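Subject: The structure I promised you

Hi,

Here is the structure we talked about, with the sequence alongside. Have a look at it first, then read on for my notes.

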Amino acid sequence: PILDKSILQGQSATHAVTLWGYMLVAFLLGLTSLITPCVFPMIPMTVTFFMKDNSNRAASIRKALVFGASIIVIYTLAGTAFALVFGAEGLNALATHWLPNLFIFVMLIVFALSFLGMFEINAPHQLVNKADRAAERGGYAGIFFMSLTLVLVSFSCTIPLVGNVLVLSAGGEVIKPVAGMFAYAAAFAIPFTLFAIFPEWLKGLPRSGGWLNSVKVTLGLLELALALKFFSIADQAYHWGLLDREITLALWIVIFSILGFYLLGKIRFPHDGVTQHVSVHRMLLAVGTFSFVVYLIPGMWGAPLKALAGYLPPMHTLDFIAGANARSNTTGTTCDVPHYADLLHLPHGLQGYFDYDQAIDCARKQNKPLFIDFTGHGCTNCREMEAVVWADPRVLTRLANDYVVVALYVDEKTALPDSAVYTSSYDGRVKKTIGKKNADLQITRLNNNAQPYYVLVGKDERVLAWPHAYDKDVESFIKFLDEGKARYDALYRAL
């Protein structure tokens, strides 16, 4: 059987690397929050709270540490609540369901327009006032409520970034939201704590001014670009065909061009002052922005844009590819017409299947091992693996010639035929869609619920090599494929 406990023991190392990378992104988003207009002016205002009593330096330091810890606790509790409410299966469903993705899409658009100066968004005044009154009581309870007040006051600038942390965690792992919010909160709290301990550092801070609105506008334009990703996920999962690759690229080219001209002072938004001259910093940022625009343009005609593979719709949604028609250069062979081929696709012209039973039957007929790709429409890491690793000619040759390939989308919403609907032995729930069936297969037989996840099996569905997860090392992937083929030859071809 596919289930083999021995092959699962080494997955913790890969999981740890992925988790640390995710926490690093969350930490960087926390640092970004500090330079938003809602937060930056709060640093000197908040730090003065701890300097009212200069006679007891040790007490001030203790209060500062409690203040920083309180911020971390508040945000981490939010991540914990998020994880408990949705759970592992719920987080996976959240990542591709149309309702939360469209909600996030609209939310990001609204916050982006607010950042650009169309209107202001603030936390409910009653909630802020209650927390502020509680903070005035003093003591450690007062410090906790003061940190809560800071979180609420900075709501309009931090909630889009916090939302990104939580949405990025929606991949089937309950621990991610907690770890991500802890990392975000640590980055957010550390500067406040350090400035409270070393108040003399405040003299080195730049004064609030027009540059803060520039940061806000820049974040607003970035939020507009990011919002398209969430609409795209729903668009792919439900096959609406509304936001193809070239449309996304066209919108990004326009958005980032606007950002470039804004940095050069050629465009002004509400609350912006007149730019008398362009600083070196803004000029360098403009150079980077326009360079990114130039990088995007060839993608309109089929350039792979590997660096953005996880954030753009897949190549098969592109209407026109210059040069050789990649769609005609298919590789590999199939035994019959693959089920769901009108809805689902393999990258780089590979031929293969999208149904496990059909694929394993063909693998037996062709006397080849089966390459199983547990993937998803909303899986950023899956697209990166396909763009960076699968695109290597050595990998493509092995997949096409040595294996029968099957891509099992765990978030495909297409309904199963009535005869194929079943009740899972794992959770007792009825599986009615292709994605639910594929996810149940991965969970019940491999005790795994993360994507991408690559498994090689033989005729009797025996695992041939250690399953491979997200790892952009091409040589490692080639070794994985070669080990599987060698094991297959040793087990079956000699018979």
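Let's start with one serine. Ser 424 sits in the loop that links strand E3 (422-423) to strand E4 (430-431). Keep in mind as you look around that this is a predicted model. Is Ser 424 buried or exposed? Its relative accessible area is 4%, and the cut-off for buried is under 20%, so Ser 424 counts as buried. Its side chain makes a polar contact with the side chain of Asp 440, at 2.5 Å. Leaving aside residues up to four places away in sequence, Ser 424 touches Arg 429, Lys 431, Asp 440 and Thr 444.

Now zoom out for the overall picture. The protein chain has 16 helices and five strands. Of its 495 residues, 50% are buried. If you take the contacts with a separation of 6 or more, 72% of them are between residues 24 or more positions apart. The accessible surface of the chain is about 22900 Å², and carbon and sulfur atoms account for 65% of that.

Next, find strand E1, which covers residues 370-375. Six of its six residues are buried, so E1 is largely enclosed by the rest of the structure. Which way do the side chains point? Leu 370, Ile 372 and Phe 374 go one way, while Phe 371, Asp 373 and Thr 375 go the other, and all are buried.

Five bridges join E1 to strand E5 (residues 453-457), and here the strands run antiparallel. On this side, Phe 374 stands opposite Tyr 453 of E5.

Helix H12 (356-366) is worth a look too. Its buried residues are Tyr 356, Gln 358, Ala 359, Ile 360, Cys 362 and Ala 363. What do they pack against? The answer is E1, E2, helix H15 (434-446) and E5. The N-terminal end of H12 is capped by Asp 355, which has a side-chain oxygen 3.3 Å from the backbone nitrogen of Asp 357. Just after H12 comes Asn 367, with a positive phi of about 55°.

Cys 335 is in the loop between helix H11 (280-296) and H12, and Cys 362 is in H12, so the pair ties together parts that are 27 residues apart in sequence.

Last, a bit about backbone angles. Most residues other than glycine have a negative phi. Here are two that go the other way. His 239 has a phi near 55°, and its place is in the loop between helix H9 (210-237) and helix H10 (245-263). With a relative accessible area of 30%, His 239 is partly exposed. Glu 461 has a phi near 65°, and you will find Glu 461 in the loop between E5 and helix H16 (474-493). At 18% relative accessibility, Glu 461 counts as buried, since the cut-off is under 20%.

That's what I have for now. Happy looking!

Note on methods
Residues numbered from 1 in each chain as written. Predicted model: local features only at pLDDT ≥ 70, side-chain atom pairs only at ≥ 80, totals over all residues. Heavy atoms only, no water. Buried < 20%, exposed > 50% of the residue type's maximum accessible area, 1.4 Å probe, protein only. Helix = DSSP H or I, 4+ residues; strand = E, 2+ residues; numbered from the N terminus. Pairing = 2+ DSSP bridges. Contact = heavy atoms within 4.5 Å. Areas by Shrake-Rupley, 256 points an atom, 1.4 Å probe, with all protein chains shown as cover. Polar contact = N/O pair within 3.5 Å; in protein donor to acceptor, adjacent residues only side chain to side chain.
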